[in-house]
Amino acid sequence: MKQDPTRNAAYTVDCDDYVHVVEFNPFDSGDSGNLIAYGGNNYVVIGTCTFQEEEADIEGIQYKTLRTFHHGIRVDGIAWSPKTRLDSLPTVIKFCTSAIDMKIRLFTSDLQDKNEYKVLEGHSDFINGLAFDPKEGQEIASVSDDHTCRIWNLEGAQTAHFVLHSPGMSVCWHPEENFKLMVAEKNGTIRFYDLLAQQAILSLESEQIPLMSAHWCLKNTFKVGAVAGNDWIIWDITRSRYFLSMFVSSYQKASNNN
């Protein structure tokens, strides 16, 4: 990785393919390097970034490519699995991609002999967001321009299917409670779903449209941020008049499951 003083970015990496999407692994991979993936027209590249704050003998940042996966079609989205581990024997690399052909591909690798992928089919239009459940890594959520949110298991079967009122733009899982899912729609509506009851339990509305992206704060799940119209919007869901009933209902379901 080299420093580039002519751009706003502090460092650049030379790539052999176009770069359409970049994702750091948000989970602890058990290694000093931070896993990063980027996708292009034909490939997904997995690497590590090690920062000076982590190792004193590194000047700035050090990048290392671990493996290049042939994808064969443009990569539009990448989501990491919490099951990814660099310190296990064998190493486990697990992630999924969305592509221009409206399919999801689930990749599993040990960075040596085992390099597999599975295709998940069902969406009929462009996939705008996808995410692994962050606790167990056993399900994948995806949202699409086809006005659906779909939940998949690792075998490729759909375990839930929600019809939306407009294109789904973002999807996020609650970091601790796997039965809670947030879905943001282009029409400005953000809904929270109870996956056990398979129904919406709370909604937020943006006065600005189109809503292009939204995120659930993982450090404080009462906060939701979104980009809509020309605005950056932050909600505090505790101020919603539906919050108390959502909290009680979800708590009761979680208690019953335990």
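Two strands are said to pair if DSSP finds at least two bridges between them. The strands themselves are DSSP runs of class E with at least two residues, numbered from the N terminus. With these terms in place, strand S4 (residues 34-39) pairs with S5 in the antiparallel sense, over six bridges. The model is a predicted one, in which local features need pLDDT of at least 70 and side-chain atom pairs count only at pLDDT 80 or more, whereas totals for chains, interfaces and linings use all residues. Residues are numbered from 1 along each chain as its sequence is written, and side-chain values use heavy atoms, with hydrogens and water left out.

Burial is judged here by relative accessible area: under 20% is buried, over 50% is exposed, and values in between are partly exposed (1.4 Å probe, protein chains only). Because seven of the nine residues of S5 (residues 43-51) are buried, this strand is largely enclosed by the rest of the structure.

The next feature is a pocket. On a 1 Å grid over the protein atoms alone, a pocket is an open set of points where a 1.4 Å probe fits, with protein on both sides within 12 Å along at least five of seven lines; lining residues have an atom within 4 Å of a point. Grid points are joined across faces, edges and corners, and a volume is the space filled by probe spheres set on the points. The largest pocket has a volume of about 810 Å³. It is lined by 32 residues, of which Glu23, Leu130, Ala131, Val171 and His215 are the closest to its centre. At least two lining residues come from each of strands S3 (21-24), S7 (75-80), S11 (127-132), S15 (168-173) and S19 (211-216). S11 gives the largest share, with six residues. Domain 1 (14-121) and domain 2 (124-240) each contribute at least three residues to this lining, the domain bounds being taken from an automatic or database domain assignment. By class, the lining comprises 21 nonpolar, seven polar and four charged residues. In this classification Ala, Val, Leu, Ile, Met, Phe, Trp, Tyr, Cys and Pro are nonpolar, Asp, Glu, Lys and Arg are charged, and the others, Gly among them, are polar.

Charged side chains also form contacts with one another. A salt bridge requires a side-chain nitrogen of Lys or Arg within 4 Å of a carboxyl oxygen of Asp or Glu, and a search of the whole structure finds nine. One of them joins Asp76 to Arg74, with the closest N and O atoms 2.8 Å apart; Arg74 is partly exposed at 28% relative accessibility. Another links Glu185 and Arg191, where the corresponding separation is 2.6 Å. Here Glu185 is buried, with a relative accessible area of 1%, and Arg191 is buried as well, at 16%. A further salt bridge is formed by Lys223 and Asp236 (3.4 Å, N to O). Since Lys223 lies in strand S20 (residues 223-228) and Asp236 in strand S21 (residues 231-236), the pair ties together parts that are 13 residues apart in sequence. Lys223 is partly exposed at 31%, as is Asp236 at 21%.

Val22, in strand S3, is 56 residues from Ile78 in sequence, yet their C-alpha atoms are 7.4 Å apart. Phe222, in the loop between S19 and S20, is 16 residues from Thr238 in sequence and 6.3 Å from it, C-alpha to C-alpha.

Cis peptide bonds, with omega about 0°, join Leu89 to Pro90 and Ile209 to Pro210. Pro90 is in the loop between S7 and strand S8 (93-99), while Pro210 is in the loop between strand S18 (199-205) and S19. His147, although not a glycine, has a positive phi of about 65°; this residue is in the loop between strand S12 (139-144) and strand S13 (148-153).

Definitions and conventions. Helices (H or I, at least four residues) and strands (E, at least two) are DSSP runs, numbered from the N terminus.
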